[in-house]
Amino acid sequence: ACSASKCAGLPAACGISHEAKDFVMPHEMSEPVPFEAAFRNDAPKAVQLFWVADNGKEQSYAVLMPAALIVQPTYVGQRWRVRELMPGSTAPGQLMLDARVGVIRVSRCSCEAHARRPVGYTPVPDATT
């Protein structure tokens, strides 16, 4: 499994990251690029979806019950978080996902944890060949 500790100390060339420098950011594009992000709740409990503003403030967008799927219109480079739903509480729930959507820069990665084929992955044949 991938983790920050497995990647600790690796060269900055590792292309698998959640840091903003690895994503094409909105300000790098001549105009906003619409994007549809799909979120599927595989957790055994309800979760809450948040859009994250540039200042880091979260804005609630949806609650996903277990096995629920939502396709959320957004823009390339926008940041989204998913937290455990905490009904009746003012405290934020446990962070379950923090991701940017859109174009991801790919570079050489020396992290063996990322080099393995994902479990259950089946490549889709190229229709042009």
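**Entry 1: Thr-74**

Buried means under 20% relative accessible area. Thr-74 has 7% relative accessibility, so it counts as buried. I found Thr-74 in strand 4, which covers residues 69-75.

What does the side chain of Thr-74 join up with through a polar contact? The partner is the side chain of Trp-80, at 3.1 Å. I also listed what Thr-74 touches, skipping neighbours within four places in sequence: Val-33, Pro-34, Phe-35, Ala-37, Trp-80 and Val-101.

Buried means under 20% relative accessible area. Thr-74 has 7% relative accessibility, so it counts as buried. I found Thr-74 in strand 4, residues 69-75.

**Entry 2: the whole chain**

Next I stepped back to get my bearings. The protein chain has two helices and six strands. Reading from the N terminus, I get the order α-β-β-β-β-β-β-α. Of the 129 residues, 26% are buried.

I also checked how far apart the contacting residues sit along the chain. Among contacts with a separation of 6 or more, 61% are between residues 24 or more positions apart.

**Entry 3: how confident is the prediction?**

The pLDDT averages 73 over the protein chain, and 56% of the residues score at least 70. Where does the score stay under 50? I noted residues 10-18 for this. The model still has 22 contacts beyond four places in sequence for that stretch.

I traced an open sheet of four strands, in the order 3-2-5-6, with antiparallel pairing. Its edges are strand 3 (58-64) and strand 6 (95-100), and each of these pairs on one side only. On average, neighbouring strands are turned by 20° against each other, ignoring direction. A reminder from class: strands of a sheet pair through backbone hydrogen bonds, parallel or antiparallel.

Then I went through two of the pairings. Strand 2 (residues 47-52) and strand 5 (residues 79-84) are held as an antiparallel pair over six bridges. In this part I found Val-47 opposite Glu-84 of strand 5. Strand 5 also pairs with strand 6, again antiparallel, over five bridges. Here Arg-83 has Leu-95 in strand 6 as its bridge partner.

**Entry 4: the nonpolar core**

Which residues make up the largest nonpolar core? I wrote down ten: Ala-37, Phe-39, Ala-43, Val-47, Leu-49, Ala-62, Leu-64, Trp-80, Val-82 and Val-101. Strand 1 (34-40), strand 2, strand 3 and strand 5 each give two or more residues to this core.

Not counting residues up to four places away in sequence, Phe-39 touches Leu-49, Leu-64, Ala-68, Leu-69, Ile-70, Gln-72, Trp-80, Val-82 and Leu-97.

Ala-38 is in strand 1. Is Ala-38 buried or exposed? Exposed means over 50%, and Ala-38 comes out at 57% relative accessibility, so exposed it is. Another class reminder for this page: side chains in a regular strand alternate between the two faces of the sheet.

Beyond four places in sequence, Ala-38 touches Leu-69, Ile-70 and Val-71.

**Entry 5: two loop residues**

Gln-78 sits in the loop between strand 4 and strand 5. With 15% relative accessibility, Gln-78 counts as buried because the cut-off is under 20%. Its side chain makes a polar contact of 2.6 Å with the side chain of Trp-51.

Ala-67 is in the loop between strand 3 and strand 4. This one is exposed, because its relative accessible area is 65%. What is phi at Ala-67? I read a value near 75°, which is positive, in a residue other than glycine.

Terms used. Residues numbered from 1 in each chain as written. Predicted model: local features only at pLDDT ≥ 70, side-chain atom pairs only at ≥ 80, totals over all residues. Heavy atoms only, no water. Pairing = 2+ DSSP bridges. Axes fitted to C-alpha atoms, helices over the stretch in contact; angles between N-to-C directions. Core = buried A, V, L, I, M, F, W, Y, C linked by side-chain atoms within 4.5 Å. Buried < 20%, exposed > 50% of the residue type's maximum accessible area, 1.4 Å probe, protein only. Contact = heavy atoms within 4.5 Å. pLDDT = per-residue confidence, 0-100. Polar contact = N/O pair within 3.5 Å; in protein donor to acceptor, adjacent residues only side chain to side chain.
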